[in-house]
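Student: I have a new structure to read. Can you walk me through it?
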Amino acid sequence: MKARSGQLSREEIAQLRQRLDGPAALAFDQAAHLIRLAASPTRLKILYLLAHRPELAVSQLARALGVSPSGVSQQLTKLRGAGLVALRHHRQTHYARLTPHAFNASLRQDFFRPSAPRREQPGPRPIFAGRPPPRQQ
């Protein structure tokens, strides 16, 4: 029996399920884990800062984020566990840097890339409640 346009046949559904439950299932689980890690604003800001500096001390990250150094360390531990961040110790100072993980490369390319300055788009004038906008001469 042929499926109608836009609908999947039983065979197509079985093939899709086999693909989703097969070797790709691990990739989906890993991607979901990385996305959950990056969903934290603090961790995402850490990744952003490290994407723009080769290495930063935990104390520098803490000052930039307005978070305690122990709070930054906790977040770095989670990022390090996923392989996104590497830590280096020099005397009493701990330094963090991004690893060459594909997820970091994707964030740099697609999310952290500086965007072009936005230009004002021509369009309707804003509506002012109460009185009309001042006249331009």
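Tutor: Helices are DSSP runs of H or I with at least four residues, numbered from the N terminus. R43 lies in helix α3. This is a predicted model, where local features need pLDDT of at least 70, side-chain atom pairs count only at pLDDT 80 or more, and totals for chains, interfaces and linings use all residues. Residues are numbered from 1 along each chain as its sequence is written, and side-chain values use heavy atoms, leaving out hydrogens and water.

Student: What about R43, buried or exposed?

Tutor: R43 is buried, meaning under 20% relative accessible area with a 1.4 Å probe and protein chains only, while exposed means over 50%. R43 has no salt bridge, which would take a side-chain nitrogen of Lys or Arg within 4 Å of a carboxyl oxygen of Asp or Glu. The nearest side chain of opposite charge, D29, is 17 Å away.

Student: Which side chain has a polar contact with R43?

Tutor: That of Q75, at 2.7 Å; a polar contact is a pair of N or O atoms within 3.5 Å, one able to donate a hydrogen and the other to accept it.

Student: And where is Q75?

Tutor: In helix α5. Q75 has 15% relative accessibility, so it counts as buried.

Student: Switching to α2, which residues are buried there?

Tutor: L34, L37 and A38. They cover an arc of only 95° around the axis, taken from the directions to the C-beta atoms, so they sit on the same side of α2. D29, I35 and R36 are exposed on the other side.

Student: What do the buried ones pack against?

Tutor: Helices α3 (41-52), α5 (69-81) and α6 (102-111), with contact meaning heavy atoms within 4.5 Å.

Notes. Helix = DSSP H or I, 4+ residues; strand = E, 2+ residues; numbered from the N terminus. Lys, Arg positive; Asp, Glu negative; His and termini not counted.
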